Amino acid sequence: MTASRIATASRIATEVDFDRDGRQCDFLRLPHSVDRSAYGWIPIPVVCLRNGPGPRVLLMAGNHGDEFEGQVALAKLAHTLRPEQVTGRIIILPMANAPAARAGRRNSPVDGLNLNRCFPGDANGSPTEMIAHYIETVLLPQCDVVIDVHSGGQSLRYVPSTHIRRSPDPARFARASALMAAFNAPYSWVFEGARETRALNAAAERCGIVALGTELGGGATVTPQALRIAERGLRRALAHLGALPPDPADELTRPDRRLQVGGYPFYVYARDEGVFEPLAALEDVVSAGQPAALIHPVDTPWQAPVEARFAQAGIVVCARVPGRVERGDCLFHLAAEPAR
Ligand code: CA
């Protein structure tokens with residue numbers, strides 16, 4: 001077969017008609033032929049709520065399967081929202097990388113891949129690559145906005161936050177910025193570092209649509225606080241877009257606090273293996289050169305621990321959860337006030 005004859009259309013099918021009004025619930029059916037099921041498919045749950053013309057929004061969680069806050073918040077929206085409350089269309093994908101989400105793991109146990117490093121994907125690739133391809137070629141082109149609900153997963157814990165990428169299109173960036181303000185998370189930041197072209201927000205940029213991301217907690221848990229922030233933020237964002245009516249009882253609880261995150265100096269890594277003693281906590285304001293952690297060589301306890309330091313000043317917005325570390329593991333990352 002020549003390359004030109006290889007199908008580039010997605011082989012993922014669904015009974016949901018995204019142009020039909022009403023509430024439709026089904027699965028994206030990802031063909032997957034295995035020993036126990038020769039003609040089977042992997043089910044990826046999807047809910048579509050449509051009520052005439054209006055904003056077209058994709059809500060997704062489970063991009064990383066061990067981040068549960070968004071999965072719960074979107075599942076609750078999926079079973080409580082009625083189409084008559086909606087203007088336009090809301091597509092809800094609570095377990096975007098369904099095999100990873102079912103396993104409670106960051107990466108898919110089927111092919112070992114991280115969905116957020118697979119865009120633009122491959123129509124004929126492995127399951128995770130096929131999901132990325134479907135999202136980029138089928139879902140994003142028929143949406144105006146995507147909100148991708150992340151948190152820290154097993155290895156990290158975040159302050160409840162939202163983030164956007166700097167966009168080369170100023171008008172699109174302004175829309176993303178206004179959406180982030182409407183979500184009204186306790187922290188929000190703009191990623192100014194190099195773009196990860198394999199991530200969903202880069203896919204959204206390629207499709208010319210607005211992307212908002214979140215980091216709402218982590219540690220592979222769901223807390224009442226994180227869930228409340230997720231649910232209220234999503235409803236505020238949907239109201240801002242005009243997809244849901246505003247909740248008159250819901251007042252913005254905090255001023256919009258806008259930080260930025262850049263490249264390597266914002267991150268602290270373990271330089272040795274051992275057990276990690278944090279010397280800072282989430283929300284601490286730290287200075288350049290301040291000690292961040294001690295890595296204890298407990299295998300050789302007669303040796304001194306190795307110190308890791310913050311390379312620059314900022315606010316600790318993310319911290320590692322597991323105590324055991326290897327060289328190269330991320331221990332912290334910072335966000336900083338924008339330079340004036
Ligand atoms: Ca994530």
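Tutor: His64 sits in the loop that runs between strand 3 and helix 1 (68-80). Helices (H or I, at least four residues) and strands (E, at least two) are DSSP runs, numbered from the N terminus. The model is predicted, so local features need pLDDT of at least 70 and side-chain atom pairs count only at pLDDT 80 or more, while totals for chains, interfaces and linings use all residues. Residues are numbered from 1 along each chain as its sequence is written, and side-chain values use heavy atoms, with hydrogens and water left out.

His64 has a relative accessible area of 3% and is therefore buried; the term covers anything under 20%, with exposed over 50% and partly exposed in between (1.4 Å probe, protein chains only). Leaving aside residues up to four places away in sequence, His64 touches Gln71, Arg105, Arg106, Asn114, Asn116 and His150, where contact means heavy atoms within 4.5 Å. With two of these neighbours, the side chain of His64 also makes polar contacts: one to the side chain of Arg106 at 3.4 Å, the other to the side chain of His150 at 3.3 Å. A polar contact is a pair of N or O atoms within 3.5 Å; within protein, one must be able to donate a hydrogen and the other to accept it, and residues adjacent in sequence count only if both atoms are side-chain atoms.

Strand 3 (56-61) also figures in the packing of helix 5: the buried residues of that helix pack against strand 3, helix 3 (127-139), strand 5 (145-150), strand 7 (161-165), helix 4 (170-183) and strand 9 (210-215). Helix 5 (residues 200-207) is largely enclosed by the rest of the structure because six of its eight residues are buried. They are Leu200, Asn201, Ala202, Ala203, Ala204 and Glu205. Just after helix 5, Gly208 takes a positive phi of about 75°.

At the interface, 14 residues of domain 1 are in contact with 16 residues of domain 2. Between these two domains, five residue pairs are in polar contact, both residues being at pLDDT 80 or more. Strand 6 (156-158), strand 8 (187-191) and strand 10 (258-261) each supply at least two residues of the side of domain 1 that touches domain 2.
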